[in-house]
Amino acid sequence: MRILFASLLLTCTSSASLTATFKSGDQSITRAVSLPALVVEKDESPAPSLKPGPFTALYQGTLNIPKRYRLYFSIETEGKVTLNVDGKDLPFTEGKTKRLRLNPGQYPISINYESPDSGLGHFRLFWEERRAFPREPIPAEAFTPSTSIPDHPAHLFADHNCIQCHTSDLGSRSMPELKDSGPDLTKIGDRTNEAWLTRWIAEPDKLKPTTTMPAMVDHTKPEGAQAAADIGAYLASLKSDNKTPSPAPDFSLVQKGSEHFHKLGCAACHTKPDALEPDFKNGRVPLNNIAAKYKPGALSAFLKNPSAHHPSIKMPHFNFTDEEQQSLTAFLTKTSTGEHTPDPSEFPPGDIQRGKQLVAKLNCAACHTGLEASTAPAPKLSALPSDWHQKGCLGPDEKRGTAPRLNLTPKQKKSLTPSILPELQNDTLEAYTTRQIKSLNCTSCHNYNGQPALLATTHAETKSYVKHLAATDTRLIQSRPPPYGSHASTLSKTLGKTKPRPRPWLDMRMPA
């Protein structure tokens with residue numbers, strides 16, 4: 001419930017409208033936010049890296065007034081709030097200011113919040129205009145966008161599972177994502193083709209540009225290409241004793257599968273399975289390697305339960321019917337056949353035993369279960385040098401040694417320094433929810449904080465998949481509701497399950 005309130009009221013997406021400076025004791029941190037609202041509960045911090053306790057927060061931005069308004073501002077708070085608009089202090093009398101007349105234009109606004117001595121508290125700023133709109137929380141689009149939200153260094157550290165190799169006990173208030181790990185590779189050979197495994201080990205960001213999987217070998221060198229082939233051969237050998245072949249996809253269901261692909265809005269997160277070029281701008285996951293990756297039956301099993309072998313996966317559970325599951329499998333397999341990403345290099349035959357030794361040497365078991373334990377674990381976080389860029393995975397190529405090549409830009413690598421440790425150790429509910437809304441691609445389907453859903457521009461790419469359906473029902477509204485329009489108790493029931501469907505008339509559905 002608390003996470004839902006945070007996601008509804010406090011989080012931001014691709015742009016920010018306000019800056020918020022939090023002070024606690026002698027500590028201070030400034031962050032970009034999108035709404036003048038805050039919730040801090042017991043044993044929580046007001047902002048990442050700050051410790052729990054009494055604090056102050058100053059929100060500053062620009063209020064955009066489209067036409068003449070006669071506004072009243074009001075507040076819900078546990079704590080002390082002062083408001084200033086256009087240089088005028090607006091005291092709250094019984095929770096409400098006097099009427100303020102503003103002509104069209106932009107006006108500076110600041111909100112000062114002082115928590116109770118306990119450090120617990122909350123506030124939420126409202127406004128109302130007698131003729132234009134009733135009392136409501138000030139929406140994000142009422143503020144002039146001021147800055148983009150960059151990838152924060154601590155978020156990069158968590159997303160790339162750095163703590164799995166460079167282990168450390170960061171305490172009970174650390175980022176929850178630090179507990180995430182990579183896929184379970186137990187019996188991976190039952191599910192995945194050896195050729196794809198080899199190419200994935202060699203250059204994972206070539207097959208999936210947004211991946212956090214590092215390149216463990218240098219495929220451009222003969223010894224690196226051989227290592228990729230050896231590891232691919234070893235992983236492909238991890239199989240069960242079941243000799244019964246899984247049934248191949250039923251390609252008579254391809255057309256039906258394409259219909260489901262469009263109606264379910266898959267283009268919100270994925271490019272088409274025959275699209276050769278990745279969508280670098282929007283970071284959608286490509287599907288053109290589906291046929292090259294999965295063995296018969298494996299894709300269907302994945303669609304049935306995406307998290308079966310990867311509890312931290314971001315692919316949601318759609319609770320597909322058998323017909324949907326089988327037809328989507330047929331469509332994705334048939335359409336992606338022959339469209340796979342070209343091989344990054346030539347690979348020699350792999351050796352299973354050498355691959356097993358390499359997996360242990362490269363510390364693959366740090367992120368993946370189902371593998372031999374490492375023979376050369378990475379140094380603990382506390383044992384790293386004060387300058388993380390001297391050598392290893394953040395160092396220059398000539399000093400990286402056997403460390404993996406991370407899928408990070410030079411600027412992102414440079415941002416990873418020991419200064420991120422306080423934020424890793426002292427996370428907040430608001431920051432966690434903000435990261436989850438981004439990593440779970442909630443804004444791919446839903447308008448949020450004044451930003452249109454990505455699907456609004458990508459859905460037309462797959463419209464041809466249903467052009468033969470002359471009777472497609474367009475009478476019912478097919479738009480997805482904004483998440484902030486629902487009560488938290490309703491959302492808490494919707495997010496965790498898919499039955500019963502809250503809006504059964506929609507072609508799309510809310511996944512779990």
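T97 is buried, at a relative accessible area of 4%. Buried here is under 20% relative accessible area, exposed is over 50%, and partly exposed lies in between, with a 1.4 Å probe and protein chains only.

A word on the source. This is a predicted model; local features need pLDDT of at least 70, side-chain atom pairs count only at pLDDT 80 or more, and totals for chains, interfaces and linings use all residues. Residues are numbered from 1 along each chain as its sequence is written, and side-chain values use heavy atoms, leaving out hydrogens and water.

Back to T97. Where is it placed? T97 sits in the loop between β8 and β9 (100-102). Strands (E, at least two residues) and helices (H or I, at least four) are DSSP runs, numbered from the N terminus. What does T97 touch? Leaving aside residues up to four places away in sequence, T97 touches Y72, F73, L83, L90, P91 and F92. Contact is heavy atoms within 4.5 Å.

Now the sheet. It is open, with six strands ordered β3-β2-β5-β10-β7-β8, and the pairing is antiparallel. The edges are β3 (27-33) and β8 (88-89); each has a single partner strand, so one side of each lacks a neighbour in the sheet. Pairing takes at least two bridges found by DSSP between two strands. Take β2, residues 18-24: seven bridges link β2 to β3, in the antiparallel sense. Within that pair, S24 stands opposite Q27 in β3.

Last stop, I437. I437 belongs to helix α14, residues 429-439. Buried or exposed? I437 is buried, at 10% relative accessibility. How far is I437 from H155? In sequence, I437 and H155 are 282 residues apart; in space, they are 13 Å apart, C-alpha to C-alpha.
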